[in-house]
Amino acid sequence: MNLALVGASVAHSLSPRLHTEALRLCDLPGSYRLWPATSERDLRAAVASLRHGELAGLNITAPWKPLAAALCDELRPVRLGRRAQLPRSVNTLWCTQDGLTGASTDGSGLVGALHLAGVPLA
């Protein structure tokens, strides 16, 4: 399961260390690497690698989240209370039988972390 973080400034990221350890703890073979993307062409190359099965998933960071959403065949709705809407930017990409899927997990990740920490949310 090869994964990557795509963004303009990713050299400082601890994501490879964190995700590689998560793969190890789940007994999943694979790697998580940084994919510097300073141009739209770089992002498109990462997405092509995902579409061709060379990668199992991508995390997207600044400034490429809106363009990543535009490249998707399907977007997962973001829940806003009882409503849901399609995101205008995404930070997580993977392929399904229907093509490239994108989701915005920033909000749900934050809420989940706050819940685990016992922080009450109104």
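Analyst: **The interior and its surroundings**

S13 counts as buried because its relative accessibility is 17%, where buried means under 20% relative accessible area, exposed over 50%, and partly exposed in between (1.4 Å probe, protein chains only). The model is predicted, so local features require a pLDDT of at least 70 and side-chain atom pairs count only at pLDDT 80 or more, while totals for chains, interfaces and linings use all residues. Residues are numbered from 1 along each chain as its sequence is written, and side-chain values use heavy atoms, with hydrogens and water left out.

S13 sits in the loop between β1 and α1 (15-25); helices (H or I, at least four residues) and strands (E, at least two) are DSSP runs numbered from the N terminus. Setting aside residues up to four places away in sequence, S13 touches L5 and L34, a contact being heavy atoms within 4.5 Å. L5 also belongs to a nonpolar core, that is, a set of buried Ala, Val, Leu, Ile, Met, Phe, Trp, Tyr and Cys residues joined through side-chain atoms within 4.5 Å.

The largest nonpolar core has 19 residues, and those that touch the most other members are V6, L43, V47, L58, I60 and L93. At least two residues of this core come from each of β1, α2, β3 and α3, and α2 provides the largest share, with four residues. The core that holds L5 is a second, separate one of five residues, which also includes L3, V10 and L23. In soluble globular proteins, nonpolar side chains tend to be buried together. V6, from the largest core, is in contact with W35, A37, L43, A46, L58, N59, I60 and T61, leaving aside its neighbours within four places in sequence.

Helix α2 spans residues 40-51, and its twelve residues reach 16 Å from the first C-alpha to the last, close to the expected 16 Å; that expected span is 1.5 Å times one less than the number of residues. The helix buries L43, A46, V47, S49 and L50. Seen down the axis of α2, these buried residues fall within an arc of 155 degrees, so they line one face of the helix, the arc being that of the directions from the helix axis to the C-beta atoms. An α-helix has 3.6 residues a turn, so residues three or four places apart point the same way. The packing partners of the buried residues of α2 are β1 (2-7), β2 (31-36), β3 (57-60), α3 (65-71), β7 (92-96) and β8 (99-103). Just after the helix, G53 adopts a positive phi of about 85 degrees.

β1 and β3 run parallel over four bridges, and L3 has G57 as its bridge partner in β3. β3 pairs with β7 in the antiparallel sense over two bridges, with N59 opposite T92. The pairing of β7 with β8 is also antiparallel, over five bridges, and T96 stands opposite G99 there.

D27, in the loop between α1 and β2, has a phi near 55 degrees, a positive value in a residue other than glycine. Most residues other than glycine have a negative phi, and most peptide bonds are trans. D27 is exposed, with a relative accessible area of 69%. D73, by contrast, counts as partly exposed at 47% relative accessibility and lies in the loop between α3 and β4 (74-75). Beyond its neighbours within four places in sequence, D73 is in contact with R51, D98, G99 and L100. R51 falls within α2 (residues 40-51), while G99 is the residue of β8 opposite T96.

As to confidence, the chain averages a pLDDT of 93, and 100% of the residues score at least 70; pLDDT is the predictor's confidence in each residue, from 0 to 100. The highest mean is that of α2, at 98, and the lowest is that of strand β5 (residues 78-80), at 78.

Technical notes
Pairing = 2+ DSSP bridges.
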